[in-house]
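Reader: Could you walk me through a few backbone and sheet details here? I'd like to begin with a loop and then move on.

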Amino acid sequence: MTKVLEVVDISKYYIHKTGWLPGKKICALEPISFSLERGETLAIMGETGSGKSTIAKLIAGAEVPSQGDIFLNGQRLDPHNYRQRCQHIRMIFQDALRSLNPETSVGAQLAEPLHFNTDWDQEKKTSHVVETLRKVGLLPDHYNFYPHMLSSGQQQRVCIARAIILEPQIIVADEAFVALDPSIRAQIINLMLDLQQDMGISFIFVTHSAEIVKHIADKILIMHHGRLIEFGTTEALIKNPQQELTKNLLHAESKHNVLTHSTIQE
Amino acid sequence: MNILDIRNLSIEIETSNGPVRVIDKLSLQLAEGEIHTLIGESGSGKSLLAKAILGFINPRWKITADRLWWRQYDLLALSRAQRRQITGRDMAMIFQNPGTYLDPNSTVGEQLRESIPSHDLPGNILTRRKQIQKRAEELMHRVGIKDHDAILESYPFELSDGVAQKISIAMAIAHRPKLLIADEPTTAMEPNMRSQIYRLLAKLSAGDGMSILMITQDLTAVIPESKRISLVYCGQLMETGPTEDVMREPVQPYTGAMLSTSLFSSETKPKSRLPTLTGAIPTLQHMPIGCRLGPRCPNARRACIEQPPLRSYKKHEFACHYPLIEVDSHD
């Protein structure tokens with residue numbers, strides 16, 4: 001396995017300015033480093049405001065880091081070079097409908113990244129879009145649909161199609177499963193696992209659902225107040241958590257859950 | 001004794017394609033001091049049922065029921081004023097996004113004091129105010145907020161989701177209702193906050209004998225204190241019964257699918273494909289006839305175009321022609 005992504009001492013500060021006074025420095029993320037291998041899944045967990053979304057945004061290039069570097073396949077990513085980054089790292093958001101343009105058809109939205117990043121002619125673009133739609137379990141007919149005409153699960157599939165259309169190496173998903181119904185959520189998880197197997201994509205999931213993390217993640221990164229407090233493989237963290245917070249996050253849902261009661265387990 | 005008794009409730013609403021039965025012959029019983037969990041995906045009519053119980057429904061929509069009783073009152077036969085009186089006295093509801101329905105213009109304290117009934121308190125206006133303040137603080141303690149002074153003075157936007165939900169629970173229990181309807185109280189909340197809210201609701205039910213109708217999307221949100229669950233799909237009742245029985249021996253294919261998708265149930269191997277239902281929930285305009293699960297059901301056959309009657313198996317009831325377990329038809 002080769003290292004796809006390497007994050008070295010990355011951090012983020014915001015300047016909170018009030019009136020004439022010089023601004024106060026607020027630390028959203030203290031320097032952290034980690035790496036990700038090809039086809040691997042990393043889950044970032046933590047409480048609200050612990051900086052987990054900040055990491056996702058920094059990796060996807062939506063925010064510029066205050067310090068530190070991100071390396072993709074050993075090559076340093078320039079914070080402002082979006083052309084370089086957008087082909088390799090893509091992002092999926094929580095609210096699918098809001099992240100899609102309501103005025104443009106699904107096909108046109110999917111063709112847009114191709115328009116900016118390739119020199120293909122229209123025919124080739126269209127056929128690639130249709131092929132991608134098939135890959136995520138939609139029909140070629142959906143090419144002419146508008147986002148509001150689709151159900152929430154289909155909208156999330158369009159978002160995934162948009163993310164994979166340039167055949168990226170890393171996909172960052174920020175709470176992509178929260179707003180979905182259980183059966184649809186399982187469908188989307190299945191789809192993402194299939195895509196990972198077919199295309200060898202590495203995933204970075206930001207989530208607070210312990211069950212999903214246990215199912216899909218290879219490594220877990222636990223954040224607390226902008227600091228990395230624990231990082232390790234899923235098995236190790238479940239079996240032998242070093243921090244109280246890790247234990248809480250990974251077992252919080254089961255504490256109040258009937259499904260984990262002994263009667264059901266038998 | 002059942003304090004809430006619903007038998008064959010149907011709600012018909014007008015759409016562009018003519019009338020549609022959003023809730024189709026749904027039955028539900030709630031005993032005193034019981035927590036009943038109602039599970040269904042979005043669009044299955046569970047919030048509508050809650051609104052029908054409270055009487056918050058568009059008056060043009062047609063509600064029919066064999067029975068919609070609250071204690072000895074037939075809710076459908078009452079006048080609007082009488083119904084309001086019962087709803088106001090005995091029932092309360094909490095919602096999904098506490099931040100959005102607290103008034104952003106007034107402090108938490110003002111809103112909480114407003115919800116405390118003051119007409120039956122003794123004394124004059126000054127002593128009443130003191131009593132109300134005391135009761136507000138007491139309510140804050142009940143829902144597990146210790147620094148009541150700071151929270152009472154703050155505005156809703158200053159609170160986190162969990163605290164805002166606790167405030168809304170405090171407001172809901174201010175007049176000591178008999179029935180609390182919790183409409184997805186913890187969706188999009190952190191796991192730790194989630195279990196705090198669950199614990200609080202369970203405590204309220206056990207301490208005060210308050211009945212709680214808990215509405216959730218997910219089987220993982222069922223708490224051990226909830227003795228009975230009902231699964232609803234597209235307004236039709238799929239399965240109902242004691243929680244442990246239903247979880248151990250799901251009879252309806254829908255229950256089985258929900259259990260297997262909730263990841264916890266079986267020893268699912270990491271990174272394996274999750275068994276789930278195909279397709280998505282139908283829209284109002286395209287409701288299937290007969291059993292509405294039909295197009296997504298793995299067991300569906302020809303007979304499913306007729307709505308199955310409610311049958312019983314051991315302690316639970318279900319509606320299905322082809323259940324997961326062989327059920328004796330004379331049962």
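Reader: Where is B:E184 found in chain B?
Author: In this predicted model, B:E184 is found in the loop that runs between β8 (179-183) and α8 (191-208) of chain B. Its phi is positive, about 45°, although B:E184 is not a glycine.

Reader: And is B:E184 buried or exposed?
Author: B:E184 is buried, because 20 other C-beta atoms lie within 10 Å, and 20 or more is the cut-off for that class.

Reader: Which residue of chain A has a positive phi near 45° without being a glycine?
Author: That is A:D9, which lies in strand β1 (residues 3-16) of chain A. A:D9 is exposed, with 12 other C-beta atoms within 10 Å. As background, most residues other than glycine have a negative phi.

Reader: Switching to the sheet in chain B, what's the strand order?
Author: The open sheet of 8 strands runs β7-β8-β9-β3-β10-β11-β13-β12 in chain B, and its pairing is mixed. β7 (91-94) and β12 (310-313) of chain B stand at the edges with a single partner strand each, so one side of each has no neighbour in the sheet. From one strand to the next, the twist averages 20°.

Reader: How do β3 and β9 of chain B pair, parallel or antiparallel?
Author: Strand β3 (residues 35-39) and strand β9 (residues 211-216) of chain B pair in the parallel sense over 5 bridges, and B:H36 stands opposite B:L213 in β9(B).

Reader: Which helix packs on that sheet?
Author: Helix α1 (residues 46-54) of chain B does, touching β3, β7, β8, β9 and β10 (228-233) of chain B, and its direction makes about 155° with that of β8(B).

Key:
Residues are numbered from 1 along each chain as its sequence is written. Chains are lettered from A and ligands numbered from 1 in the order in which they are written. This is a predicted model: local features need pLDDT of at least 70, side-chain atom pairs count only at pLDDT 80 or more; totals for chains, interfaces and linings use all residues. Helices (H or I, at least four residues) and strands (E, at least two) are DSSP runs, numbered from the N terminus. Two strands pair if DSSP finds at least two bridges between them. Axes are lines fitted to C-alpha atoms, for helices over the stretch in contact, and angles run from 0 to 180 degrees between N-to-C directions. Two residues are in contact if their C-beta atoms, placed from the backbone, lie within 7 Å.
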